Amino acid sequence: LPIYRVNDPTKSAVYSPNPLTQEAFFSPSSKYFLVAIAVATESTEPDLHVIDTQSGKDVYQRANGGALYSQLVLPDDTMLFQDTAGGTGTNTTAVQTLYWVTLPGTAAPTAIATKTARMAPTTDNKTIVILKTSGDLLTWDATAKGDPKLLASNVALLAVGNDAHGPVAYVGWDHSVHVVSTDGTKQLDLDGATANADLFGTIQLSPDAADVYFFRDAEQQNNRGTLYRAAVGGGTTPSHVADKVSLVDLAVTDTALMFLQNVDDVGQFGDAATSGLDGGNVTPLGLKAPVGGLRVAASGPQTWYGLHLVGAATAAGKAPIDGSPAITGALALTEGASA
């Protein structure tokens, strides 16, 4: 498995394996286990291997750093994956390409599109939403497996809703915000002057796709931005939710938002809070929670729980083996029904 060196390179080598959850995952059917395998110590370009969980056999591989790219496996064991095509001959250029293949991969993979940035399935896994580096947003029928169709252009960020038809929320290059079904039906169009969404933020939909959330004034270095919300059905003016909100700690449940606000100037700590789905009634939950440490899980309709630290601080004189800061604090539990 891929490892990395964690100590001063002038001293004897000390290595730590990358977390298995970072390097591997099971297919939805649990028939296959996809894992990155390093070809040598300190290799930075691991290969992709697909293991048959019944037999333990290594049934499919993508060499030459194939694990560095994105993979997605559907419930019917169709695997979508990125890899490069060409570039091995004289005066040829490798082109990053998105393929599909039915595991265990006895047939050759089929190309879907080139120069793809990311992909996401709809809830029924019948449609794949694909964003290209050109900004073109495509949909691909995972049942018919034909050519992808253009849904929108000049797209920077996207999120796919919890319905068979998406919908898809996206931020345009002009800082506009849109929500559209995968069949092309428009549900919301906020022009750039109205939305002023930051291309370095994120965008999310509520579970019922009635609300969309995005950031203005995003500061990637400090992991924070100003959070806004817009109503999808006929919304024309976005409303302000909170300031200096963590870009990586926004959780949207079916009844409320949970997030970190007031993130400090180095992007390390913020204050836990919750609000209604409309962004109103912001309620503080605890001071000094570490950015990136919020965990929210739903156990059923209108039932969710959040975990985070409060009163967190860096423990002086202590450091985990991977060199990250040692953060300690009190563990707090929030129950959504009585937040």
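## Ground rules

A residue is called buried when its relative accessible area is under 20%, exposed when that area is over 50%, and partly exposed in between, using a 1.4 Å probe and protein chains only. By that scale H175, at 32% relative accessibility, counts as partly exposed.

This is a predicted model, in which local features need pLDDT of at least 70 and side-chain atom pairs count only at pLDDT 80 or more, while totals for chains, interfaces and linings use all residues. Residues are numbered from 1 along each chain as its sequence is written, and side-chain values use heavy atoms, with hydrogens and water left out.

## Overall build

The chain holds 2 helices and 29 strands, where helices (H or I, at least four residues) and strands (E, at least two) are DSSP runs numbered from the N terminus. Its radius of gyration is 22 Å, close to the 20 Å that the globule rule gives for 339 residues, so the chain is as compact as a globular protein of that length. For reference, that radius is taken over C-alpha atoms, and the rule is 2.2 Å times the number of residues to the power 0.38. The C-alpha trace spans about 60 × 60 × 40 Å along its principal axes.

Of the 339 residues, 45% are buried. Among contacts (heavy atoms within 4.5 Å) with a separation of 6 or more, 33% are between residues 24 or more positions apart.

## Surface and charge

Accessible surface amounts to about 16,600 Å², and carbon and sulfur atoms own 51% of it. These areas come from the Shrake-Rupley method with a 1.4 Å probe; for residues, only the protein chains shown count as cover.

There are 19 positive and 33 negative charges in the chain, and their mean positions are 4 Å apart. Lys and Arg count as positive and Asp and Glu as negative, with His and the chain ends not counted; each charge is placed at NZ of Lys, CZ of Arg, CG of Asp or CD of Glu.

## Nonpolar cores

A nonpolar core here is a set of buried Ala, Val, Leu, Ile, Met, Phe, Trp, Tyr and Cys residues joined through side-chain atoms within 4.5 Å. The largest has 17 residues, and V177, V179, L188, I203, V212 and F214 are those with the most contacts inside it. At least two residues of this core come from each of β15 (155–163), β16 (166–172), β17 (177–180), β18 (186–190), β19 (203–205), β20 (211–219) and β21 (224–231). Apart from it lies another core of 14 residues, including A218, V241, A242 and L250.

Not counting residues up to four places away in sequence, V179 touches P167, V168, A169, T185, K186, Q187, L188, L205, V212 and V232.

## Backbone details worth a look

Two cis peptide bonds deserve a check in your viewer. One joins G166 and P167, with omega about -15 degrees, and P167 sits in strand β16. Another joins L103 and P104, with omega about 15 degrees; P104 lies in the loop between β9 (95–102) and β10 (110–114).

Positive phi values turn up in residues other than glycine too. For H175, in the loop between β16 and β17, phi is near 75 degrees. For N64, in the loop between β6 (58–62) and β7 (71–73), phi is near 55 degrees, and N64 is exposed at 72% relative accessibility.

## A stop at K57

K57 is found in the loop between β5 (47–52) and β6, and is exposed with a relative accessible area of 57%. Leaving aside neighbours within four places in sequence, K57 is in contact with V50, I51 and D52. K57 and Y32 are 25 residues apart in sequence, and their C-alpha atoms are 9.9 Å apart in space.
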